[in-house]
Amino acid sequence: MALSLYVDTARWRAHQKSVIEQFPGLVPVCKGNGYGFSHERLADETNRFGSDTLAVGTIYEAARIKDWFSGDLLVLTPFRRGEEPVPLPDRVVRSVSSVDGVFALVGARVVIECMSSMKRHGVKEEELGQLHAAIEDVRLEGFALHLPLDRTDGSDAVEEVIAWMDRLRAARLPLHTMFVSHLGSSELARLQQQFPQTRFRARIGTRLWLGDHDATEYRGSVLDVTRVAKGDRFGYRQQKAASDGWLVVVAGGTSHGVGLEAPKALHGVMPRAKGVARAGLATVNRNLSPFVWDGKQRWFAEPPHMQVSILFVPSDAQEPRVGDELVAHLRHTTTQFDRIVDR
């Protein structure tokens with residue numbers, strides 16, 4: 001009895017293949033919880049389709065995954081002086097977002113991040129002149145730009161990259177490789193056509209692993225079903241049942257990421273109104289669970305426990321049985337499954 005991730009493996013891999021064909025030289029990204037699949041599984045997939053480089057989030061992830069992937073490992077979190085030393089092989093490439101960081105990594109393989117309109121981190125235009133001396137003592141693998149997902153000001157992502165290419169060229173810095181994030185295949189083709197001497201490599205995670213939503217599905221097993229009448233007390237807090245129905249104990253709790261939600265950027269009146277409505281219901285202990293039964297998303301009977309959730313299913317629905325599985329709408333990047341099932 002488990003929270004399971006079911007994968008239509010043939011369909012999932014067909015989607016991977018389509019993305020790889022659209023983005024020649026693609027660098028797969030495996031960070032966090034491995035986009036819900038685990039680092040080990042994504043390393044195996046990357047080995048299968050033959051990429052020479054795998055991007056990870058941190059030096060700790062690089063240390064864990066190095067025995068699963070034999071190619072280059074690109075660490076996306078920028079190096080900082082004073083960080084904890086972690087033993088890593090020479091095939092690890094460090095991202096650097098400051099001139100000081102480049103000076104500190106004597107002999108290392110580095111990718112220098114430029115400050116994009118994300119304004120998260122990166123070397124600024126006025127600092128480019130200082131890089132000439134800094135890169136003499138490192139092995140420069142290229143430059144990188146991490147671009148925003150949305151452009152509400154109507155700006156063009158390609159033009160932003162071109163502007164940085166022009167700045168780097170004016171500073172007489174090597175332009176053999178540029179790593180980019182959040183560009184479409186047609187945008188990448190435009191850049192490659194304009195700068196044929198530069199190799200553009202797209203760093204892609206979400207689109208590669210999670211781009212086909214119907215290739216994967218979470219399901220929680222029903223562990224127990226208890227009939228309750230209106231007014232019956234139940235659970236840790238001994239709340240009263242609002243009506244007749246069943247308390248359904250299903251695999252999947254806070255340790256799996258059930259009930260956890262990342263903040264969302266809301267645009268438009270309707271999404272904001274729905275957010276307000278959800279917040280209002282939560283104040284009276286009405287929280288919608290991610291689990292679906294008999295065609296409807298069901299309410300939590302009480303906040304999820306560590307490894308299970310208790311749902312309330314009203315008496316007008318089909319009665320669940322122990323061993324049934326409920327589809328769960330969960331966010332891959334915040335979910336830890338008990339098992340993965342290839343179909």
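Predicted model: local features only at pLDDT ≥ 70, side-chain atom pairs only at ≥ 80, totals over all residues.
Local features need pLDDT of at least 70 and side-chain atom pairs count only at pLDDT 80 or more, while totals for chains, interfaces and linings use all residues. Residues are numbered from 1 along each chain as its sequence is written, and side-chain values use heavy atoms, with hydrogens and water left out.

**Stop 1: the domains.** Select 7-210 for domain 1 and 216-342 for domain 2; these bounds come from an automatic or database domain assignment. Their centres, taken over C-alpha atoms, are 38 Å apart. Nine residues from domain 1 and twelve residues from domain 2 make the contact (heavy atoms within 4.5 Å).

**Stop 2: the interface.** Together the domains bury about 900 Å², 53% of it on carbon and sulfur atoms; buried area is the accessible area (1.4 Å probe) lost on being put together, summed over both parts. Now pick Val7, Asn33 and Gly36: in domain 1 they lose the most area to domain 2, together 49% of what that side buries.

Next, show Arg41 and Asp342, which form a salt bridge with the closest N and O atoms 2.8 Å apart. The term means a side-chain nitrogen of Lys or Arg within 4 Å of a carboxyl oxygen of Asp or Glu. The count between the domains is one salt bridge.

**Stop 3: Ser4.** Finally, select Ser4 in strand 1 (residues 3-7), a DSSP run of E with at least two residues, numbered from the N terminus. Leaving out residues up to four places away in sequence, Ser4 touches Glu217, Tyr218, Arg219, Glu325, Arg339 and Val341.

Technical notes: Buried area = accessible area lost by both parts, 1.4 Å probe. Helix = DSSP H or I, 4+ residues; strand = E, 2+ residues; numbered from the N terminus.
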